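Trainee: I want to learn how to read strands, helices and surface patches from a model. Where do we begin?

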Amino acid sequence: MRVRAATPRDVERIAAIKVRNWADTYSPLLDAETLRPFLDESAQRQSVMEKAALPGTLLLVAEDEHRGVVGFAMTYLTGPEPWMESLQVLHEYRGHGAGTQLMRATAAGLLSRGHQAMQLGVIVGNTAAARFYERLGAELVKVEPVTWAAGVSHMVYRWPDVVVLTG
Ligand SMILES: CC(C)(COP(=O)(O)OP(=O)(O)OC[C@H]1O[C@@H](n2cnc3c(N)ncnc32)[C@H](O)[C@@H]1OP(=O)(O)O)[C@@H](O)C(=O)NCCC(=O)NCCS
């Protein structure tokens, strides 16, 4: 498994991973109407393509030599502090270190660009992901409603210094 910067050729696979993961992780947590746009693969492809093209986006993929890209991490470096928008590893590859490697490589990418802190949101109820981030040293900052759906809240986690992820 290696982590590398995404290229335009990865967009289709990244969108497919995102859709599969939203279906398996969030269908127990979100209602069908909220979930629907996130299960539309062509809309997600368009969205990933647009976000990846922005100069302030860090998009990394985890690639298995036999199976290709199995996960990705997308982080926005603009705004008051870097915000990890998405970390997704395909179901059958979870628990093998890809997520941790993506976090590590994202941290290295932030540090090399002069950033120290990072935040992200975990939808309330996604306790496995919350545990994963806590184990990696994140601090729970607050719980607040998300901007993209009514009646959904996320837990905001923060690393004051992402150097702890690179250790
Ligand atoms: C959270 C996630 C990115 C972690 O990636 P990963 O490759 O499984 O992570 P690693 O292998 O480096 O670390 C595994 C740890 O993650 C945690 N974990 C979280 N969700 C998990 C899952 N569905 N399956 C296996 N492990 C999971 C476990 O606690 C595991 O700890 P352990 O090694 O003590 O058992 C991945 O599980 C995933 O894509 N989950 C679904 C989508 C999601 O919730 N993304 C985060 C949105 S905020």
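Mentor: With a definition. A patch is made of residues with over 30% relative accessible area and no salt bridge, and nonpolar side chains are joined within 5 Å. Keep in mind that this model is predicted.

Trainee: Which residues make the nonpolar surface patch?

Mentor: L111, V163 and V164 make a nonpolar surface patch of about 220 Å². L111 belongs to helix α4. Its relative accessible area is 30%, and L111 counts as partly exposed.

Trainee: Let's stay with α4. How do I read a helix?

Mentor: Start from the general rule. An α-helix has 3.6 residues a turn, so residues three or four places apart point the same way. Now the case here. Helix α4 covers residues 98–112. It has 15 residues and spans 21 Å from first C-alpha to last, close to the 21 Å expected at 1.5 Å a residue.

Trainee: Which residues of α4 are buried?

Mentor: The list is A98, G99, L102, M103, T106, A107, G109 and L110. Buried here means under 20% relative accessible area. Compare Q101, also in α4. At 27% relative accessible area, Q101 is partly exposed. From the C-alpha of Q101 to that of L54 is 23 Å, with the two 47 residues apart along the chain.

Trainee: What follows α4?

Mentor: G114 follows, and its phi is positive, near 90 degrees.

Trainee: Now strands. What is the general idea?

Mentor: In a regular strand the side chains alternate between the two faces of the sheet. Then ask about cover and partners. Take β5, residues 118–123. Of its 6 residues, 5 are buried, so β5 is largely enclosed by the rest of the structure.

Trainee: Which strands pair with β5, and in what sense, parallel or antiparallel?

Mentor: Strand β4, residues 83–89, runs parallel to β5, and 2 bridges join them. There, M84 has L120 of β5 as its bridge partner. Strand β7, residues 153–159, pairs with β5 in the antiparallel sense over 6 bridges. In that pairing, M118 stands opposite W159 of β7.

Trainee: What unit do β4, α4 and β5 make?

Mentor: A right-handed β-α-β unit. To check the hand, point the strands away from you: right-handed means the path from the first strand over the helix to the second runs clockwise.

Trainee: How many residues lie between the strands of the β3 and β4 hairpin?

Mentor: There are 6. Look at G79, which sits in the loop between β3 (68–76) and β4. Its phi is positive, near 90 degrees.

Trainee: Is G79 buried or exposed?

Mentor: Exposed. The cut-off is over 50%, and G79 has 55% relative accessibility. Now set sequence beside space. G79 and R94 are 15 residues apart in sequence, and their C-alpha atoms are 30 Å apart.

Notes:
Residues are numbered from 1 along each chain as its sequence is written. This is a predicted model: local features need pLDDT of at least 70, side-chain atom pairs count only at pLDDT 80 or more; totals for chains, interfaces and linings use all residues. Side-chain values use heavy atoms; hydrogens and water are left out. Buried means under 20% relative accessible area, exposed over 50%, partly exposed in between (1.4 Å probe, protein chains only). Helices (H or I, at least four residues) and strands (E, at least two) are DSSP runs, numbered from the N terminus. Two strands pair if DSSP finds at least two bridges between them. The expected span of a helix is 1.5 Å times one less than its number of residues. Patches are made of residues with over 30% relative accessible area and no salt bridge: like charges are joined within 9 Å, nonpolar side chains (Val, Leu, Ile, Met, Phe, Trp, Tyr) within 5 Å. Accessible areas come from the Shrake-Rupley method with a 1.4 Å probe; for residues, only the protein chains shown count as cover. A salt bridge is a side-chain nitrogen of Lys or Arg within 4 Å of a carboxyl oxygen of Asp or Glu.
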